[in-house]
Amino acid sequence: MKVQEPAELVDPLHDWRIRDEPWYAPVGGEIAAFEAAHARGLPLMLKGPTGCGKTRFVEHMAWRLGLPLITVACHEDLSAGDLIGRFLLDAGGTRWQDGPLTRAVRFGAICYLDELVEARADTTVLIHPLTDARRQLPLAATGELLHAHPDFRLVVSYNPGYHGVHKTLKASTRQRFTALEFGYPDAAREAAIVMHECGVDEAIAKQLVTLAERTRRLAGDELDEGASTRMLIHAGLLVAEGLAPRAACLQAIAVPLSDDPEVGQALAAMVDACIV
């Protein structure tokens with residue numbers, strides 16, 4: 001009787017393959033732009049506010065191109081070792097385990113570094129040899145110089161508006177990428193997205209979008225950022241679950257947006273003005 005190999009041994013990227021199409025509503029020419037960068041093996045940076053659809057777009061494009069997608073949520077403690085890999089000690093002795101970036105480079109996948117600017121400086125420098133003609137990843141721990149698989153692609157996201165002057169990507173890193181600018185969809189398209197994702201009716205979707213537009217006028221002043229499309233979807237899902245629209249908006253939008261009591265009162269007043 002033939003013993004069937006585990007899926008992860010037959011296909012080392014089995015867990016990162018996207019089987020079902022992630023729904024995405026195009027805003028402009030971003031699909032063609034991504035495909036052009038992919039065709040030439042160019043690294044891509046997605047710039048835009050939180051919750052405007054960057055991650056969903058990458059998921060959709062990975063599915064569209066038939067490529068596995070390995071996503072890394074960057075944070076201030078993310079080190080180069082976390083991306084490359086490390087030696088582990090188990091019952092069989094010491095063995096090397098690839099990190100997410102190494103796995104993508106070795107076997108051919110899209111590696112998506114979400115909010116790259118949050119990672120430590122040594123992590124940012126690490127990707128430089130992968131973003132030029134070399135397409136190499138030096139593994140000092142193993143003495144290996146890994147040449148990127150033909151299907152390897154590097155995509156990063158970056159929200160410059162949120163970080164302001166405190167955290168920015170160096171020009172030496174930014175200029176290694178082609179870039180797409182993302183923003184919130186126009187009102188009609190954003191309402192259609194909310195309706196599709198939540199199953200709420202058009203009237204509720206339009207009220208949510210109106211509320212979001214009002215909060216976005218406070219961005220950079222009372223608020224770091226206004227309500228994202230993601231927050232509208234959260235509110236819509238709560239409404240679809242039976243929660244009153246006002247309560248849903250307070251829970252999913254007004255309260256998460258600010259900890260300042262006065263700003264919170266202003267946001268609650270916006271909810272009362274926009275939600276019938």
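Let us begin with helix α9, whose twelve residues should span 16 Å at 1.5 Å a residue, and whose end C-alpha atoms are 16 Å apart, which agrees. The expected span here is 1.5 Å times one less than the number of residues. Helices are DSSP runs of H or I with at least four residues, numbered from the N terminus. Before going further, please note that this is a predicted model, in which local features need pLDDT of at least 70, side-chain atom pairs count only at pLDDT 80 or more, and totals for chains, interfaces and linings use all residues. Residues are numbered from 1 along each chain as its sequence is written, and side-chain values use heavy atoms, with hydrogens and water left out.

Which residues of α9 are buried? They are Glu190, Ala191, Ile193, Val194 and Cys198. Buried means under 20% relative accessible area, exposed means over 50%, and partly exposed is in between, using a 1.4 Å probe and protein chains only. If you look down the axis of α9, its buried residues fall within an arc of 155 degrees, so they line one face of the helix. That arc is taken from the directions from the helix axis to the C-beta atoms. The buried residues of α9 pack against α10 and α11, the latter being residues 229–240; contact means heavy atoms within 4.5 Å.

Now follow one of those residues, Glu190, to its partner. The side chains of Glu190 and Arg216 meet in a salt bridge, at 2.7 Å from N to O. A salt bridge is a side-chain nitrogen of Lys or Arg within 4 Å of a carboxyl oxygen of Asp or Glu. Arg216 lies in helix α10 (residues 202–216) and Glu190 in helix α9, so this pair ties together parts that are 26 residues apart in sequence. Glu190 is buried, with a relative accessible area of 0%, and Arg216 is buried as well, at 18%. Arg216 has another neighbour to show you: its charged end sits over the ring of Tyr184, 3.8 Å from the ring centre. For such a placement, NZ of Lys or CZ of Arg must be within 6 Å of the ring centre and within 35 degrees of the ring normal.

Helix α9 also reaches toward another part of the chain. Glu197 and Arg56 meet through their side chains in a salt bridge of 3.2 Å, N to O. Because Glu197 lies in helix α9 (residues 187–198) and Arg56 in helix α3 (residues 54–65), the pair ties together parts that are 141 residues apart in sequence. Glu197 is partly exposed at 25% relative accessible area, and Arg56 is partly exposed at 29%. Together with Glu59, these two residues are linked in a network of salt bridges. The whole structure holds 15 salt bridges.

The structure holds four aromatic pairs. Tyr24 and Phe57 form a tilted one, 5.3 Å centre to centre with 50 degrees between the planes. Rings of Phe, Tyr and Trp (its six-membered ring) pair if their centres lie within 6.5 Å; planes under 30 degrees apart count as stacked, over 60 as edge-to-face and the rest as tilted. Tyr24 counts as buried at 12% relative accessibility, and Phe57 at 0%. The rings of Phe34 and Phe57 have centres 5.6 Å apart and planes at 85 degrees, so that pair is edge-to-face. Since Phe34 lies in helix α2 and Phe57 in helix α3, the pair ties together parts that are 23 residues apart in sequence. Finally, Tyr24, Phe34, Phe57 and Phe182 form one aromatic cluster.

How values were computed
Helix = DSSP H or I, 4+ residues; strand = E, 2+ residues; numbered from the N terminus.
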